[in-house]
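Consider the pockets of the protein shown below, and the residues and elements that line them.

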Amino acid sequence: MKKIEAIIKPFKLDEVREALSDVGVSGLTVTEVKGFGRQKGHTELYRGAEYVVDFLPKIKIEIVVANQDVDGAIEAIVKAARTGKIGDGKIFVTSVEQVVRIRTGETDEAAI
């Protein structure tokens, strides 16, 4: 099993959720986060004063999928989240050793 964490632009969330649903991902966790990469933030004007916004609002999506579903899930995220502009985000894939569904006690792939 693998955990896929994707950092995307906030307005792309619905498209990514639908794309993941289409490839069979049944659950996900969404967190509002802030950060920056090569985008390096930007300046904004508020009541006539200019200030620097170092951390940009992003969405972090976390899913756990079976090994054979990893490539399809990544492809779905990339297609749905890509705008072609800087700041589209990143995807991180890590191994998951064990999963337990609390309600039923199911483990590993049965718990996904």
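Strand S2 (29-35) and strand S6 (89-95) each contribute at least two residues to the lining of the second largest pocket. Helices (H or I, at least four residues) and strands (E, at least two) are DSSP runs, numbered from the N terminus. The model is predicted, with local features needing pLDDT of at least 70 and side-chain atom pairs counting only at pLDDT 80 or more, while totals for chains, interfaces and linings use all residues. Residues are numbered from 1 along each chain as its sequence is written, and side-chain values use heavy atoms, with hydrogens and water left out.

A pocket is an open set of points on a 1 Å grid over the protein atoms alone, where a 1.4 Å probe fits, with protein on both sides within 12 Å along at least five of seven lines; lining residues have an atom within 4 Å of a point. In the second largest pocket, 14 residues form the lining, and Phe36, Gly37, Arg38, Gly89 and Lys90 lie nearest its centre. S2 gives the most to this lining, with 3 residues. The volume is about 310 Å³, taken as the space filled by probe spheres set on the points, which are joined across faces, edges and corners. By class, this lining has 4 nonpolar, 5 polar and 5 charged residues; Ala, Val, Leu, Ile, Met, Phe, Trp, Tyr, Cys and Pro count as nonpolar, Asp, Glu, Lys and Arg as charged, and the others, Gly among them, as polar.

The largest pocket has a volume of about 420 Å³. Its lining has 22 residues, with Ser26, Gly27, Val64, Val65 and Ile112 the closest to its centre. Strand S5 (56-65) and helix H2 (70-81) are the elements that give two or more residues to it, and S5 gives the most, with 4 residues.
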